[in-house]
Amino acid sequence: MSDFFDDPEEQPAPRSTAVRHHRRRPIVMTIVVLVALLIAFSIFTSFWTDKLWFDSLGGAYPSVFSKLIWTRIGLFLVFGVLMAVIVGINLVLAFRLRPLFRPNSPEQAGLDRYREVVTPIRRILLVSTSVVIGIFAGASGAGQWRDFLLWRNAQSFGTADPYFHKDVGFYVFHLPWLHYLVDFGMTAVVLALVGAAVVHYLYGGIRLQSPGEKLTGAAQVQVSVLLGLFVLLKGLDYYLDRFDLTSQSGSLITGMTYTREHAVLPSKNILMAIAVICALLFFANVFRRTWLLPGVGLALFILSAILLGMIWPAIVQQFQVVPDEPDKEAPFIANNIVATRRAFDLTGTKVTPYDARTNVDRAQLQKDASSLPGIRLVDPLLEHETFQQLQQVRNYYTVPGVLDIDRYLIDGRERDLVVAAREVSLEGLPDSSKNWANLHTVYTHGYGMIAAYGNQRDAQGNPRINDGKPIFAEKNIPPVGQLGKYRPQIYFGEHSPDYSIVGKAPGGPNVELDYPQSQGAPGQAQLSTYQGHAGVPIGGLWHKLLYATKFGDTNILLSSRLHPDSRILYDRSPRQRVQEVAPWLTVDSDALPSVVNGRIVWILDGYTTTDRYPLSEKRSLEQMTSDALNPRTAYATLPNDQINYMRNAVKATVDAYSGKVTLYAWDTSDPILKAWEQAFPGVIKTHIPQDLKSHLRYPEDMFKVQRDMLTRYHVLDPKTFYSRTDLWDVPQDPTVPSVKQPPYRLTVATRPGGKPVFALTSVYVPYGKQNLAAFISIGADATDPSTYGKIQVLRLPDNATVAGPSQIANNFANDPKVADQLLAFKRSGAKVQYGNLLTLPVGGGLLYVEPLYTIRQGGAGNYPVLRFVLVSFGNDVGIGRTLAESLDSVLGTGSVPSGHNGISGGQGNQQGNGGKTQLPTAALKLLQQADQKFSQAEQSLKSGDLQGYAKLVDQGRALVAKALSQGQKAETPAPSGGEKTTPKPSSKPKSGNG
């Protein structure tokens with residue numbers, strides 16, 4: 001028998017053909033070598049620059065890169081070599097076991113020409129086939145590094161499932177890796193079987209068209225062994241599939257159901273036994289050399305898979321479960337409820353009945369409302385453009401599209417601030433300035449923080465109108481305000497350039513723009529140089545070549561601005577940096593800029609997730625976290641969007657100047673976090689500085705997930721759960737149709753009689769309806785363990801008809817008082833924008849608060865101005881320039897001006913007790929002056945001068961207040977038992993609009 005690697009006799013080619021081939025071969029080889037070198041250098045560049053990036057971080061992070069690389073290389077080699085060896089050995093065996101003599105037949109005659117082509121290059125085909133398959137298998141194995149490391153560092157959850165009585169850790173850490181091993185084995189056997197069958201057929205071991213035996217004895221042995229191995233592995237796969245029933249999705253619940261326990265699970269056990277029997281029959285065929293028994297066994301196996309795997313469960317479901325489904329599924333639903341609430345940390349949810357009365361004692365309502373100084377009136381979405389216009393300073397700065405909420409201690413009191421980092425924005429540069437030097441060496445960083453009081457009160461807590469503009473707690477360049485002294489440069493941020501080259505030559509000039517100067521020559525700017533140690537040194541030719549290749553930019557090689565002290569900064573987004581150093585984490589979409597210990601740091605939250613928690617409900621993370629502020633949230637590090645377990649395991653910070661990444665363990669009881677800490681020791685710290693802790697918040701995405709799960713899992717009774725009679729939904733955002741209303745951060749009392757706390761709040765509506773079902777909140781202050789992470793739900797009675805957010809928005813839009821106030825703005829061409837609609841438990845009911853903005857349409861420099869505050873309690877709607885005015889309006893404790901917040905003419909007579917009280921002359925003169933102010937305000941509004949309009953209205957109202965004071969001094973005593981008469985002017989100024 002000739003060997004697979006023996007060289008056959010070859011006939012010399014004609015001389016002319018050999019000469020042509022000889023001439024072409026060097027050119028082709030040169031092209032192939034050059035292409036291969038370019039590809040190899042590109043791959044090496046990506047790898048080596050990643051290594052340099054991790055090295056630049058210092059600490060334990062280079063070990064993260066090393067661990068990841070060596071783990072992936074090891075998995076690639078093990079599975080790649082294993083697959084290549086399995087396939088290659090079977091190809092060699094099939095060739096060595098080929099028959100020496102083949103019967104003469106048309107089939108064999110047709111195959112002779114293929115054998116003539118294949119045989120001379122059989123070694124090349126063997127090696128190339130094995131290598132290619134091995135590369136694909138190795139790449140697949142390298143992609144399983146998460147499952148491998150979790151399996152190697154498995155932890156115990158301390159909780160067992162009620163069906164197989166295995167610890168949850170088995171399902172989360174062991175089962176995925178075991179599944180991959182079995183799937184890999186089945187794939188290897190199938191590829192080996194296909195390859196062996198092709199070789200046997202090509203060389204006559206399998207003769208499909210010949211009479212008699214279709215397979216030679218040697219071919220039958222090899223095929224039988226491979227088929228037996230495949231069926232045996234399939235039986236092992238059935239064994240593991242049994243455990244998958246605990247996390248299998250379904251129309252009713254995720255996990256075990258009546259049909260799965262009483263039909264699918266027994267069928268898996270039976271099929272597992274049949275697979276073992278079939279495998280033994282195939283192994284026996286090695287000796288018996290008959291296909292009868294293996295064929296019967298295989299047919300029985302396929303038939304059983306159809307009957308037991310598909311038809312039997314369908315019959316059980318249709319004829320046993322459906323007629324009595326609520327009772328049959330009740331215990332399984334109960335287990336699903338318990339597991340889901342445990343997996344999403346909902347077990348401590350406190351549900352409190354809440355009447356939400358619409359008619360309450362107004363004094364009590366006034367008292368409760370006045371105890372809520374943290375009602376946030378500044379909308380983080382709409383005020384983005386206001387921050388941009390008032391504090392952008394130059395076009396090359398920008399703020400995020402949605403501002404953040406943070407807390408700072410100001411004048412001895414914690415205040416909620418709407419904050420943003422002023423980052424550099426290369427898009428704002430004029431086209432003529434967008435040259436390489438400016439883009440990558442001059443405009444390298446942002447500068448300073450911007451902050452405004454969320455409740456539109458000043459530092460002393462006094463409410464201010466401020467012409468509808470934010471009351472800034474931190475502003476300008478250089479920054480001034482309440483945040484203290486800090487390093488303002490922002491080299492690492494959400495809008496940082498893809499790469500910047502920093503550092504100056506010894507004795508050379510500064511070239512980086514630090515900030516524009518307010519004094520000196522026009523356009524003059526303060527220049528600076530980065531003094532930190534972040535980034536990779538790029539002064540040498542080798543590093544220049546690497547990064548010129550990485551970014552596809554030859555200027556890195558050619559520019560004279562690069563010198564021995566130059567450093568390159570890249571991968572600068574805070575979220576990206578955390579994902580790079582901790583790729584096992586799912587990172588929250590919202591990065592908060594905060595001033596901590598004199599530095600700007602970005603604070604992020606990291607989650608551990610899995611889709612393998614037994615019996616817990618699976619949901620799409622992207623769908624649960626999408627809302628009006630984040631329509632679609634992508635999670636780059638999440639291998640599967642479907643999750644059924646989530647923990648806020650890590651708090652992370654990224655220094656805006658140095659780029660330093662720090663990971664802090666937060667949920668130290670999380671077994672998945674413990675596994676990753678064991679896999680990457682020293683990466684996660686345990687001690688959190690107190691100054692940092694005061695800025696840590698409950699993560700928004702975590703709350704969104706919990707809020708979404710509680711739409712169904714607030715129900716604890718299985719039969720009620722099944723009937724879905726108590727199903728809730730997150731309401732749509734009133735201002736952005738078809739997307740969910742986001743949760744809101746503010747400092748409020750989240751329960752009756754409670755003290756105001758920093759919290760995330762939201763509401764529920766009944767499924768398919770728009771009236772309110774419940775109010776939900778969670779403590780968000782990390783320094784207060786008594787409230788942090790505690791979910792509270794105020795549940796309204798089932799028969800309550802309290803309006804929900806969309807209905808309240810409709811009431812606001814159609815209220816005559818609101819329409820009257822907005823009429824003049826609309827006539828002047830201003831656009832009305834409604835802000836975030838807040839829902840607050842106040843006075844035994846629910847108070848809605850919504851800021852209302854106007855923005856001039858057309859032209860440049862437009863931004864929203866806070867004009868009014870809308871409130872609603874029960875069926876009453878109030879509107880005013882401040883929250884206090886709006887509350888007075890809805891409570892009836894004061895008059896709310898209509899029209900233009902003024903008076904009508906100079907009328908000074910007021911009816912009272914059937915008589916008239918004449919206003920004194922001084923009061924009448926004041927009212928006449930106020931009327932003039934309101935008339936001037938009308939003209940300013942028509943001309944589009946909204947700031948002038950607001951200023952004149954304020955002056956007019958001040959005159960009205962003085963007139964009222966004069967009138968009160970002139971009051972005459974009322975008769976005994978009667979009431980005093982107070983002059984009350986009309987609240988509407990005369991105008992051409994009536």
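A: A residue is called buried when its relative accessible area is under 20%, exposed when that area is over 50%, and partly exposed in between, with a 1.4 Å probe and protein chains only. This is a predicted model, in which local features need pLDDT of at least 70 and side-chain atom pairs count only at pLDDT 80 or more, while totals for chains, interfaces and linings use all residues. Residues are numbered from 1 along each chain as its sequence is written, and side-chain values use heavy atoms, with hydrogens and water left out.

Q: Are Tyr 713 and Phe 721 buried or exposed?

A: Both Tyr 713 and Phe 721 are buried.

Q: Why is the pair of Phe 825 and Phe 868 edge-to-face?

A: The planes of Phe 825 and Phe 868 stand at 85 degrees, with the ring centres 6.0 Å apart, so the pair is edge-to-face. Phe 825 is buried, as is Phe 868.

Q: Which residues do ring pairs link into a cluster?

A: Ring pairs link Phe 41, Phe 44, Phe 47, Trp 48, Trp 53, Phe 54, Phe 65 and Trp 542 into a cluster.

Q: Where does the charged end of Lys 51 sit?

A: A charge sits over a ring if NZ of Lys or CZ of Arg is within 6 Å of the ring centre and within 35 degrees of the ring normal. The charged end of Lys 51 sits over the ring of Trp 48, 5.0 Å from its centre, and that of Arg 98 sits over the ring of Phe 95, 3.8 Å from its centre.

Terms used:
Phe/Tyr/Trp six-rings, centres within 6.5 Å; stacked < 30°, edge-to-face > 60°.
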